[in-house]
Amino acid sequence: MLINIGRLLILCVWAFLLSNLFQPFPKPLNIFTHVALLLTVVMHGLQLMLLKVVVIQKTGSIPLSRWQQVRIFIFGVLELLVWQKNHLRGQSKQP
């Protein structure tokens, strides 16, 4: 339940940051949103890259599908928590 509320809030933040590209805000807010969008893209991209390199390639687990990669890029840490919960549950079922 809380994860879904967090996802909704993150979608609102993405919408706010991307709306500046189509309808620019006044000058000081315009610069802030450009920087915030750049940092968000970089940080979510690094999260996805680190997950793919460290966890998946080192442990040899099942690779992520494109849809999972997109969700991790958009939602960041929240989607990583969901992935970790599902991944650990799947490992506990294996002998």
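I take buried to mean under 20% relative accessible area, exposed over 50%, and partly exposed in between, with a 1.4 Å probe and protein chains only. By that rule glutamate 79, at 7% relative accessibility, counts as buried.

**Basis.** I am reading a predicted model, in which local features need pLDDT of at least 70 and side-chain atom pairs count only at pLDDT 80 or more, while totals for chains, interfaces and linings use all residues. Residues are numbered from 1 along each chain as its sequence is written, and side-chain values use heavy atoms, with hydrogens and water left out.

**Overall layout.** I looked up the elements, which are DSSP runs numbered from the N terminus: helices (H or I) of at least four residues and strands (E) of at least two. The chain has four helices and zero strands, in the order α-α-α-α from the N terminus on. Of its 95 residues, 26% are buried. I then looked up contacts, meaning heavy atoms within 4.5 Å. Among contacts between residues at least 6 apart in sequence, 51% join residues at least 24 apart.

**Salt bridges.** In one, glutamate 79 pairs with arginine 7, their closest N and O atoms being 2.9 Å apart. Glutamate 79 lies in helix 4 and arginine 7 in helix 1 (residues 2–22), so this pair ties together parts that are 72 residues apart in sequence. Both glutamate 79 and arginine 7 are buried. Glutamate 79 also bridges to arginine 71, with closest N and O atoms 3.2 Å apart. Arginine 71 is partly exposed, with a relative accessible area of 23%.

**Nonpolar core.** I took a core to be a set of buried Ala, Val, Leu, Ile, Met, Phe, Trp, Tyr and Cys residues joined through side-chain atoms within 4.5 Å. The largest one has seven residues: Leu48, Leu51, Ile56, Leu64, Ile72, Leu80 and Trp83. Helix 2 and helix 4 (77–93) each give two or more residues to this core, and helix 2 gives the most, with three. Leaving aside neighbours within four places in sequence, isoleucine 72 is in contact with His44, Leu48, Leu51, Leu64, Glu79 and Leu80.

**Helix 3.** Which residues of helix 3 (residues 66–75) are buried? I found Gln69, Ile72 and Phe75. Seen down the axis of helix 3, these fall within an arc of 155° (taken from the directions from the helix axis to the C-beta atoms), so they line one face of the helix. The face turned away from the buried side carries the exposed residues Arg66 and Trp67. Just after helix 3, glycine 76 takes a positive phi of about 65°.

**Helix 2.** Alanine 36 sits in helix 2 (residues 27–59). At 16% relative accessibility, alanine 36 counts as buried. Its C-alpha atom is separated by 7.4 Å from that of leucine 17, 19 residues apart along the chain. Leucine 46 also lies in helix 2; at 37% relative accessibility, leucine 46 counts as partly exposed.

How values were computed:
Salt bridge = Lys/Arg side-chain N within 4 Å of Asp/Glu carboxyl O.
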